Amino acid sequence: MRRGCQSRRGGAPGPTRWYTWAMFRGASTASLAGLSAAVLLLAGSATASAAPDGPGPGAAPVELPAVTVAAPEPRYVAPTRRDRIGRIWAPVLIDGAGPFRLVLDTGASTSAVTQRIVDALGLPVDENSIRLRGVTGTAIVSSVEVGMLEVGDLLVTGARLPVVADAFGGAEGVLGTEGLHDKRITIEFRKDRITIMRSRGQEAPPGFTTVPFRANRRGGMQVDARVGPVRTTALIDTGAQMSVGNLALREALTRRRKEAGELQEAIIGVTEDIQYASRVRIPTIVAGSLLVSGAHINFADLFIFEHWKLDKRPSILIGMDVLGVLDTLIIDYRRQELQIRTR
C-alpha cells in the first residue's frame with residue numbers, strides 16, 4: 001500500500017478555482033475578468049448595530065458583553081480554505097468498535113491504522129512484518145490483523161493492516177481502495193458528509209460534470225488531462241495534502257515558458273522519508289470539461305511516480321489542496337467515473 005503526502009508547511013495555497021466550460025458560454029470579457037478576480041471563499045462575518053451614545057458625565061462606564069462567533073469544526077468532510085487544506089474522513093467500524101475516523105485515500109491499495117486504534121482495540125502487533133510504500137519511499141513496518149472493516153455498504157474481512165505513525169490531518173488511520181471496485185462514494189464538502197454505497201451505475205445528477213478515470217492495479221485513479229499545453233496523466237489522490245507534478249512535467253512546461261516565484265517545500269511521506277520540491281504557480285489544468293485555475297503545484301521526482309511507472313512522462317498527483325475546493329465529488333468505481341459539482 002502507499003499513503004499520501006504531507007507538507008511541512010501548514011495551510012493551503014490559494015486561491016484555486018474549478019470551472020466548467022459551460023460557465024464560460026456567453027460570458028463577456030468584463031464578466032470573465034471579474035470571475036477570475038473573485039475570491040473563492042469568504043470568511044464569515046458578524047455585524048453589530050451602532051452603539052448608543054456614551055454615558056453622561058459622572059456615570060459609570062457601561063461594560064459591553066463579550067461576543068464570540070464560532071462555527072462547528074467538521075467531523076468528517078472539510079473543504080479547502082485559505083488557512084486549511086480540506087480532508088475526507090470516513091467513519092469506519094473495526095471489529096464492531098468505533099466508528100474511527102480514517103482518511104479516504106484513493107491512492108492507497110490497502111487500509112492502515114495508527115497506534116491509537118491498536119491500543120483502543122488491544123490488537124496484538126506483528127513487529128516489522130509488512131513493507132509499506134509511501135509517497136517518498138518504502139519502509140518495513142509492524143502490522144495487525146482485524147476481522148472486519150465496515151462503513152456504509154463497504155465490508156472488508158480478514159485484513160492485515162500496516163501500523164502507521166501518522167495519518168493525514170490527525171485521522172486515526174487510512175481507508176484504502178480494497179473492496180471499492182463496485183462502490184459509489186459521495187463526498188459533500190459543505191455538508192460534512194460522506195456516503196459509501198453499492199454502485200448501480202447511475203448517471204451523474206443534474207448540474208454535475210463527469211470525468212472518466214482508469215483504475216490502477218497498484219492503487220490510484222488516472223485521468224487524462226492537460227497542464228497548460230502539456231498532455232499529462234493526472235492521479236486523483238484524496239490521501240495527499242498537496243498536489244505534486246513530476247520533473248518530466250516540469251521540464252515540459254519550462255520548455256514553453258520561464259517559471260517564476262519558485263519556493264521550496266518539504267514533502268513527508270508515511271515512511272517518514274523527506275523529499276524537497278519546488279513550488280510554483282502553473283497554467284490551468286484541464287480534465288474533460290473541467291478547468292482548474294490558479295493552482296500552486298510542487299514539483300519533485302517522488303518515489304510514488306516510479307512505483308506507478310509514471311516517472312518518465314508528464315504526470316501530476318492532484319491532492320486535497322485542489323480537490324477540497326469542490327462542492328461535491330462522487331467517485332463511481334463501477335462506472336470508472338468522477339462526477340463533480342463545482343461551487
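Which strand holds the place of I94? I94 is in strand β4, residues 87-94.

## The model and its conventions

This is a predicted model, in which local features need pLDDT of at least 70 and side-chain atom pairs count only at pLDDT 80 or more, while totals for chains, interfaces and linings use all residues. Residues are numbered from 1 along each chain as its sequence is written, and side-chain values use heavy atoms, with hydrogens and water left out.

## Overall make-up

The chain has five helices and 25 strands. Both are DSSP runs, numbered from the N terminus: helices are H or I of at least four residues, strands are E of at least two. Of the 343 residues in the chain, 51% are buried. Buried means under 20% relative accessible area, exposed means over 50%, and partly exposed is in between, with a 1.4 Å probe and protein chains only.

The chain exposes about 16200 Å². Carbon and sulfur atoms supply 51% of that area. Accessible areas come from the Shrake-Rupley method with a 1.4 Å probe, and for residues only the protein chains shown count as cover. Contacts are another way to view the chain. Among those between residues at least 6 apart in sequence, 68% join residues at least 24 apart. A contact means heavy atoms within 4.5 Å.

## Nonpolar cores

The largest nonpolar core has 71 residues. The residues with the most contacts inside it are L149, L175, I185, I187, I331 and L338. Apart from it lies another core, of 10 residues, among them L302, W308, L310 and L317. A nonpolar core is a set of buried Ala, Val, Leu, Ile, Met, Phe, Trp, Tyr and Cys residues joined through side-chain atoms within 4.5 Å.

L175 shows what such contacts look like. Leaving aside residues up to four places away in sequence, L175 touches A90, V92, L102, V103, L104, D105, S111, V151, L154 and I196.

I94 counts as buried because its relative accessible area is 0%. Beyond residues up to four places away in sequence, I94 touches F100, V113, I117, L121, V146, M148 and L149. I94 and T157 are 63 residues apart in sequence, and their C-alpha atoms are 9.8 Å apart in space.

A225 lies in strand β15, residues 221-227. Its relative accessibility is 9%, so A225 counts as buried. Not counting residues up to four places away in sequence, A225 touches V230, R231, T232, A234, V286 and A287. A225 and I285 are 60 residues apart in sequence but 6.9 Å apart in space, C-alpha to C-alpha.

## Rings and charges

How many aromatic pairs does a search of the whole structure find? The search finds one. F213 and Y333 form this edge-to-face pair, with 5.9 Å centre to centre and 80° between the planes. Rings of Phe, Tyr and Trp (its six-membered ring) pair if their centres lie within 6.5 Å; planes under 30 degrees apart count as stacked, over 60 as edge-to-face and the rest as tilted. The pair links distant parts of the chain, 120 residues apart. F213 is in the loop between β13 (209-212) and β14 (214-215), and Y333 is in the loop between β24 (328-332) and β25 (337-341). Both F213 and Y333 are buried.

Two arginines have a charged end over a ring. R87 sits over the ring of W89, 4.1 Å from its centre. R250 sits over the ring of F299, 5.6 Å from its centre. A charge sits over a ring if NZ of Lys or CZ of Arg is within 6 Å of the ring centre and within 35 degrees of the ring normal.

## Loops and backbone details

T238 lies in the loop between β16 (230-236) and β17 (244-245). Is T238 buried or exposed? T238 is buried, because its relative accessible area is 0%. A polar atom of the T238 side chain lies 2.6 Å from the backbone oxygen of L104.

The peptide bond from G98 to P99 is cis, with omega near 10°. P99 is in strand β5, residues 97-104.

D192 is not a glycine, yet has a positive phi of about 55°. D192 is in the loop between β11 (183-188) and β12 (193-198). Its relative accessibility is 26%, so D192 counts as partly exposed. Q336 is not a glycine either, and has a positive phi of about 50°. Q336 lies in the loop between β24 and β25. At 34% relative accessibility, Q336 counts as partly exposed.

Conventions. A polar contact is a pair of N or O atoms within 3.5 Å; within protein, one must be able to donate a hydrogen and the other to accept it, and residues adjacent in sequence count only if both atoms are side-chain atoms.
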